[in-house]
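Subject: Structure handover

Hello,

Here is the structure I promised you. Please open it alongside this note; my findings follow below.

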Amino acid sequence: MHDDSLFIFQKGFNYSQDGPGNRLVYHLSGCNMHCPWCANPEGLSQCDSSTKITVDELVAEAVSSKLIFIDAGGVTFTGGEASLQKEAVLKAINRLKAEGISTCIETNASLPNCEDLLDAADYVIADYKTPSNNRLKEIYHGEISTIEENLLFRAKTGKPLLVRIPLVHYFNCSEDDTKGFLEFFTRLRKEALGELNFEILPYHEFGKEKYIKAGMEYTVTDGFVTDNDIKKLASAITNADLTLINT
Ligand code: SF4
């Protein structure tokens with residue numbers, strides 16, 4: 001990977017869901033996880049359809065968009081998995097900072113040796129998909145401990161962290177899951193030196209059509225959660241004095 005370029009599969013503006021305010025969002029190609037509910041299957045690999053953008057081009061685009069970064073907006077790097085292109089993202093973040101532009105990364109937080117990236121971004125949105133190593137193995141051949149260490153690292157920097165839980169019925173809705181989520185979240189709160197928020201993202205099938213159009217099999221059959229599933233986790237989070245938000 002050339003450090004001066006990023007491979008993306010999509011870019012555009014989005015308000016508040018990819019970090020604070022109005023943001024120019026770059027979707028980076030490639031992901032090291034295989035969540036069967038992923039809404040962006042077209043971004044899971046770096047293929048011929050990826051677009052290459054240099055850091056110079058990206059910074060120029062962002063600078064020319066400065067006036068519309070309202071409400072503390074800026075630039076967000078999401079995916080796919082942004083940390084797979086760490087060196088170029090870091091370079092872009094440092095250049096954007098020098099231009100006074102706020103930066104955010106959205107990450108599955110699974111890669112080791114990402115402390116520099118997790119520290120550099122003004123805002124980090126990180127998934128915590130399951131407290132179970134067995135479940136994690138269904139989507140990724142790595143350890144939860146790495147994800148937890150990354151989240152703890154960011155929390156200890158004192159910079160804002162939003163932890164997102166994609167709530168999927170068959171995957172992470174049991175009593176044990178709720179207990180496991182809370183165990184880690186309360187530990188994270190204890191260690192956090194700054195803003196720490198949580199958000200539940202109920203399963204949806206916005207990406208299903210893309211699988212069908214691409215001739216890929218969509219395998220999730222028991223993903224939708226009930227209001228009760230959402231309330232159960234939401235209450236557990238708020239009862240533990242943790243802050244739940246909706247972006
Ligand atoms: S981590 Fe995110 S981008 Fe990667 S497969 Fe899962 S949902 Fe898709």
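A residue counts as near a molecule if its C-beta atom, placed from the backbone, lies within 6 Å of it. Keep in mind that this is a predicted model.

First, the ligand. The residues around it are Cys31, Met33, His34, Cys35, Cys38, Asn40, Leu44, Gly79, Gly80, Glu81 and Asn108. By class, that shell holds five nonpolar, five polar and one charged residues.

Next, the overall build. The protein has nine helices and nine strands. Its radius of gyration is 18 Å, close to the 18 Å that the globule rule gives for 247 residues, so the protein is as compact as a globular protein of that length. The C-alpha trace spans about 50 × 45 × 30 Å along the principal axes of the protein.

How do helix 7 and helix 9 pack, and at what angle? Helix 7 covers residues 175–191 and helix 9 covers residues 227–239. Their axes lie 10 Å apart, at an angle of about 25 degrees. Angles under 35 degrees count as roughly parallel, so helix 7 is roughly parallel to helix 9. The crossing of helix 7 past helix 9 is right-handed.

Helix 7 brings Thr178, Phe181, Leu182 and Phe185. Helix 9 meets them with Lys232, Leu233, Ala236 and Ile237. The residues of this contact divide into six nonpolar, one polar and one charged.

Best wishes

Technical notes: Residues are numbered from 1 along each chain as its sequence is written. This is a predicted model: local features need pLDDT of at least 70, side-chain atom pairs count only at pLDDT 80 or more; totals for chains, interfaces and linings use all residues. Axes are lines fitted to C-alpha atoms, for helices over the stretch in contact, and angles run from 0 to 180 degrees between N-to-C directions. Helices (H or I, at least four residues) and strands (E, at least two) are DSSP runs, numbered from the N terminus. Angles under 35 degrees count as roughly parallel, over 145 as roughly antiparallel, 65 to 115 as roughly perpendicular and the rest as oblique. A crossing is left-handed if the near helix is turned anticlockwise from the far one by less than a right angle, and right-handed if clockwise. Two residues are in contact if their C-beta atoms, placed from the backbone, lie within 7 Å. Ala, Val, Leu, Ile, Met, Phe, Trp, Tyr, Cys and Pro count as nonpolar, Asp, Glu, Lys and Arg as charged, and the others, Gly among them, as polar. The radius of gyration is taken over C-alpha atoms; the globule rule is 2.2 Å times the number of residues to the power 0.38.
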